[in-house]
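Subject: The two-chain model, with notes

Hello,

Here is the model I promised to pass on. Please open it alongside this note, and read on below for what I found.

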Amino acid sequence: MGYAADTYARLTRDRWAQYVNTFVPIENQLIEYATSPDTVTNAMSTASQNVQGAFDAQQGAVGRRLQGLGLELSPDEQAAQARSSSLARGPADVQAQNLAADTTRQLQQQILGNPAPDITRMGG
Amino acid sequence: MSKGGGEVEETPQQRALAEFASNQMFDYEKRWLPVQKNLIAQAEEMGKADSSVRNRAEGRAAADTSARFGAAEGALERQLSNNGTFGSSRSKLAITGLGDDAAKSKGLGITMADQQVDDAYTQALGSLAATGRGERAAVGDSLAQQASTSARQATADAEAALTERAGQAQVVGQLAGFGLQSGMGKFGQGGGFTGTNDFSGVNGSNAMNTFLTRGSGGD
């Protein structure tokens, strides 16, 4: 083979090696994100943690707020507040998990080239 | 332009194109590949559960919620004071209830921020993968170019071989013609015709010169 043929052969091998080493791992990450059932489960779990963490943090903040205002909850008021907070916490947790699951599935579909229908835009 | 064994020598243009392609590759590897690798590293870092981008986005979402609900808390307390219910059980539960609303908003806000980071992460990966597909296409182009070079070489080989064969055939024909002419001439002159190799009686040196010229000219 001549110089030009050898050069093109070397360039072809180099470019393929670059593609395999640099871009194939990226494609694999995308494929993993788009096809793994763990992706949705993890997103839901994170969303739940976000809501639980926010409620836990807010509980402390509200306690400090009341203290700052010179207010104190009686045992009955504490029980009522706990019930009310629990009633707010559960639906918020479910809502966040549903939101995370929906948007994650939508992302997965987009990656796979099949965007899921956007229900909010179908009403009009 | 053919070498021994029917191979065709590469033209200066082919060599120059190969050198140009090689220089382009070197330039890409030196300037653009590091940038792409850096982008890949950034995208991968962004996608991690505890990435700085994710933490910042979550922090912003939490701060937005705190700012908005902070103002609402102030308004609620003023309202409770104004209507004389401040300090009652109802007012205390109103304050704690507003705290629950804030927690819900904060949790959903952080979740949305998380999803937006995921969106940006997958978009970045998608863009990089598209670049990679371009690289793969370029490999295909390079292979096609290689194949095209091979095809060109094969065509050139065939043409060279055809020219060579045609040249030889022409010479053989000419020699045959000379032989025939000489034979005919001899025949006409009463001489015997003994075939194409019979150069006696003709200008044999001219015929041999023609053969040698054609033979060497086929290079």
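A:Ser36 sits in the loop between helix 1 and helix 2 of chain A; helices (H or I, at least four residues) and strands (E, at least two) are DSSP runs, numbered from the N terminus. A:Ser36 is exposed, with 12 other C-beta atoms within 10 Å. Here a residue counts as buried with 20 or more other C-beta atoms within 10 Å of its own, exposed with 12 or fewer, and partly exposed in between, with C-beta atoms placed from the backbone. From A:Ser36 to A:Gln108 the C-alpha to C-alpha distance is 9.3 Å, although the two are 72 residues apart in sequence.

Before you go further, please note that this is a predicted model: local features need pLDDT of at least 70, side-chain atom pairs count only at pLDDT 80 or more, and totals for chains, interfaces and linings use all residues. Residues are numbered from 1 along each chain as its sequence is written, while chains are lettered from A and ligands numbered from 1 in the order in which they are written. Chain A has a mean pLDDT (the predictor's confidence in each residue, from 0 to 100) of 90, and 90% of its residues reach 70 or more.

Leaving out residues up to four places away in sequence, A:Ala96 touches A:Ala47, A:Ser48, A:Asn50, A:Val51, B:Gly107, B:Leu108 and B:Thr111, where contact is C-beta atoms, placed from the backbone, within 7 Å.

What does each chain bring to the contact between them? Chain B puts in 51 residues and chain A 50 residues. On the side of chain B that touches chain A, helix 3 of chain B gives the most, with 36 residues. By class, that side has 17 nonpolar, 19 polar and 15 charged residues; Ala, Val, Leu, Ile, Met, Phe, Trp, Tyr, Cys and Pro count as nonpolar, Asp, Glu, Lys and Arg as charged, and the others, Gly among them, as polar.

Finally, chain B has four helices and zero strands, and buried residues make up 21% of its 219 residues.

Best wishes

Note on methods
Contact = placed C-beta atoms within 7 Å.
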